[in-house]
Amino acid sequence: MSSPCDPQHAPAGDVGAALMMIDSRLKAIYDGRSETDAEQQALTDQFAVSLGPRGVDDLLDGACTLIYMFMQWLRMAYEDHDKDVIESVVPNLVATMRMMPRSVRPEAIPTMAGLLVAAGTGLSPSLWRKQYGDWTMDEMNPLEATAFLLAEHINRLTDDRDFATRMISEALTRADEG
């Protein structure tokens with residue numbers, strides 16, 4: 001029986017824009033810029049405003065698609081080593097988010113953990129979240145942080161700072177060609 005949260009029913013959203021934002025954050029961290037500089041933040045804010053309401057929804061769906069794709073890759077990687085992705089990834093990401101109180105408010109952490117579990121069990125994070133109402137402004141930074149932390153986790157596992165971004169870029173290219 002198909003779940004209403006099955007990824008085949010979910011909009012993919014603007015995966016390219018979501019990936020661009022995550023890749024930008026990864027590069028900043030890898031370059032030693034742990035804080036977002038004022039110019040970078042202004043560009044990000046300007047970009048978000050330029051999207052309009054529909055574009056923001058597409059960006060949110062794109063971020064959820066990234067989370068799903070990252071968790072599916074991690075699930076396969078951990079299963080190759082007889083490990084469970086939920087047990088291996090979720091506690092570490094939750095612990096990391098707890099250490100980021102300025103970016104991730106404590107009350108948003110259970111929702112982000114739920115997104116990870118949904119994605120790790122093959123459900124659409126976007127449709128899973130939709131069951132509980134619309135996204136809130138307080139969930140925007142935690143959602144970005146969740147996608148970022150997954151990408152960084154994959155990059156660390158592969159010992160390749162560009163692996164997660166390249167993996168999604170290649171998937172998007174194959175989808176465009178197909």
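Aspartate 159 is exposed, with a relative accessible area of 73%; exposed here means over 50%, buried under 20%, and partly exposed in between, with a 1.4 Å probe and protein chains only. Before I go on, this is a predicted model, in which local features need pLDDT of at least 70, side-chain atom pairs count only at pLDDT 80 or more, and totals for chains, interfaces and linings use all residues. Residues are numbered from 1 along each chain as its sequence is written, and side-chain values use heavy atoms, with hydrogens and water left out.

Back to aspartate 159. This residue sits in the loop between helix H6 (140-158) and H7. Helices are DSSP runs of H or I with at least four residues, numbered from the N terminus. The phi of aspartate 159 is positive, about 55°, although the residue is not a glycine.

Aspartate 82 belongs to the loop between helix H2 (38-79) and H3, and it is exposed, at a relative accessible area of 75%.

H6 has 19 residues and spans 28 Å from first C-alpha to last, close to the 27 Å expected at 1.5 Å a residue. That expected span is 1.5 Å times one less than the number of residues. H6 is mostly covered, with 14 of its 19 residues buried.

H7 covers residues 163-177, which is 15 residues, and reaches 21 Å from its first C-alpha to its last, close to the expected 21 Å. Which residues of H7 are buried? They are Ala164, Thr165, Met167, Ile168 and Ala171. These cover an arc of only 165° around the axis, which puts them on the same side of H7; the arc is taken from the directions from the helix axis to the C-beta atoms. On the face turned away from that buried side, H7 carries the exposed residues Arg174, Asp176 and Glu177.

Next, packing. Helix H3 (residues 85-98) and helix H4 (residues 109-120) pack at an angle of about 160°, and their axes are 10 Å apart. That makes H3 roughly antiparallel to H4. For reference, angles under 35 degrees count as roughly parallel, over 145 as roughly antiparallel, 65 to 115 as roughly perpendicular, and the rest as oblique. The axes are lines fitted to C-alpha atoms, for helices over the stretch in contact, and the angles run from 0 to 180 degrees between N-to-C directions.

The H3 and H4 crossing is right-handed, meaning that the near helix is turned clockwise from the far one by less than a right angle. On the H3 side, the contact involves Val85, Ile86, Val90, Leu93, Val94, Met97 and Arg98, and on the H4 side Ile109, Met112, Ala113, Leu116, Val117 and Gly120. Contact means heavy atoms within 4.5 Å.

What is the angle between H4 and H6? It is about 45°, with the axes 10 Å apart, and H4 and H6 are therefore oblique to each other. H4 passes H6 in a right-handed crossing. Met112, Leu115 and Leu116 of H4 meet Pro142, Leu143, Thr146 and Leu150 of H6.

Last, two prolines. Proline 106 lies in the loop between H3 and H4 and is exposed, with a relative accessible area of 59%. Its C-alpha is separated by 9.7 Å from that of proline 142, 36 residues apart along the chain.
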